[in-house]
Amino acid sequence: MPRLKKVEKEIADAKVQEIYTTLEGKMGKVINIFKGMGNSSVGLNTYLAMGANLAQAKLTAKERETIALTLAEYNECQYCLAAHTAIGAGAGIDEETNKAIRQRKVTDPKLQAIVDWTIAVLDTKGYVSNEQISAFKNAGYGDEEIVESVAVIAQNIFTNYFNHINDTEVDFPAAPEL
């Protein structure tokens, strides 16, 4: 059960109601994570602005979802695992690849490089080695993707931790069992 108030549209302040109207137009509904974030229009807008900006990244949707799934598994965020399984499917991540990403054993070398890079950033708290940077670059990524990957990691840490704090009720189908 959520630990923060679940802000439904009828009780939301005017700023949050406006955001919800936009979300309903894009998604057909307001999902539970956003109802929790609706306690703060600033917090909700921050998350949505990050997503809108990252949608323009050089990193593809599939690569960004690989980062999201890697983080959700790393941080044991059930909400994000479920959400990014659904979103990732739309970005071309099938169930087999989903499981492989979460187990850190992807057959696609570029996606494996994304998984390895993400884990390196998390494990070292960003103090990655020159060898880790070189490995990521040798997989075909450059400085632009390094910056973008850190932004995607930050966005997903935000949602993982938010969902842990809130105990957000999962409103997506569960991620496949490993």
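Colleague: What should I know before I start?

Modeller: The model is predicted, so local features need pLDDT of at least 70 and side-chain atom pairs count only at pLDDT 80 or more, while totals for chains, interfaces and linings use all residues. Residues are numbered from 1 along each chain as its sequence is written, and side-chain values use heavy atoms, with hydrogens and water left out.

Colleague: What volume does the largest pocket have?

Modeller: About 810 Å³. On a 1 Å grid over the protein atoms alone, a pocket is an open set of points with protein on both sides within 12 Å along at least five of seven lines, and a cavity is a set where a 1.4 Å probe fits but cannot get out. Grid points are joined across faces, edges and corners, and the volume is the space filled by probe spheres set on the points.

Colleague: How many residues line the largest pocket, and which lie nearest its centre?

Modeller: The lining has 30 residues, and F34, Y47, L48, G51 and Q155 lie nearest the centre. A lining residue has an atom within 4 Å of a point.

Colleague: Which helix gives the most to that lining?

Modeller: α1, with seven residues. At least two residues each come from α1 (14-27), α2 (32-37), α3 (41-54), α4 (61-74), α5 (78-90) and α9 (143-166). Helices are DSSP runs (H or I, at least four residues), as strands are (E, at least two), numbered from the N terminus.

Colleague: How do the lining residues of the largest pocket divide into nonpolar, polar and charged?

Modeller: 19 are nonpolar, six polar and five charged. Ala, Val, Leu, Ile, Met, Phe, Trp, Tyr, Cys and Pro count as nonpolar, Asp, Glu, Lys and Arg as charged, and the others, Gly among them, as polar.

Colleague: And cavities: how many of 30 Å³ or more are found?

Modeller: One. The largest cavity holds about 40 Å³ of space. Its lining includes P2, K5, N32, K35 and E169. By class, that lining has two nonpolar, four polar and four charged residues, and α2 gives the most to it, with three residues.

Colleague: What about Y79, buried or exposed?

Modeller: Buried, at 3% relative accessibility. Y79 is found in helix α5. Contact means heavy atoms within 4.5 Å.

Colleague: Where does the side chain of T70 reach?

Modeller: To the backbone oxygen of T66, at 2.7 Å. A polar contact is a pair of N or O atoms within 3.5 Å; within protein, one must be able to donate a hydrogen and the other to accept it, and residues adjacent in sequence count only if both atoms are side-chain atoms. T70 lies in helix α4 and is buried, with a relative accessible area of 3%.

Colleague: And the side chain of E145, what does that reach?

Modeller: The backbone nitrogen of G142, at 2.7 Å. E145 lies in helix α9. Leaving aside neighbours within four places in sequence, E145 is in contact with K58, L59 and F136.

Colleague: Which residues of α6 are buried?

Modeller: T97, N98, A100, I101 and R102, in a helix that covers residues 95-103. The buried residues of α6 pack against α4, α5 and α7 (109-124).

Colleague: Last one. Where is E76?

Modeller: In the loop between α4 and α5. Phi of E76 is near 55°, a positive value in a residue other than glycine, and E76 counts as exposed at 63% relative accessibility.

Terms used
Buried < 20%, exposed > 50% of the residue type's maximum accessible area, 1.4 Å probe, protein only.
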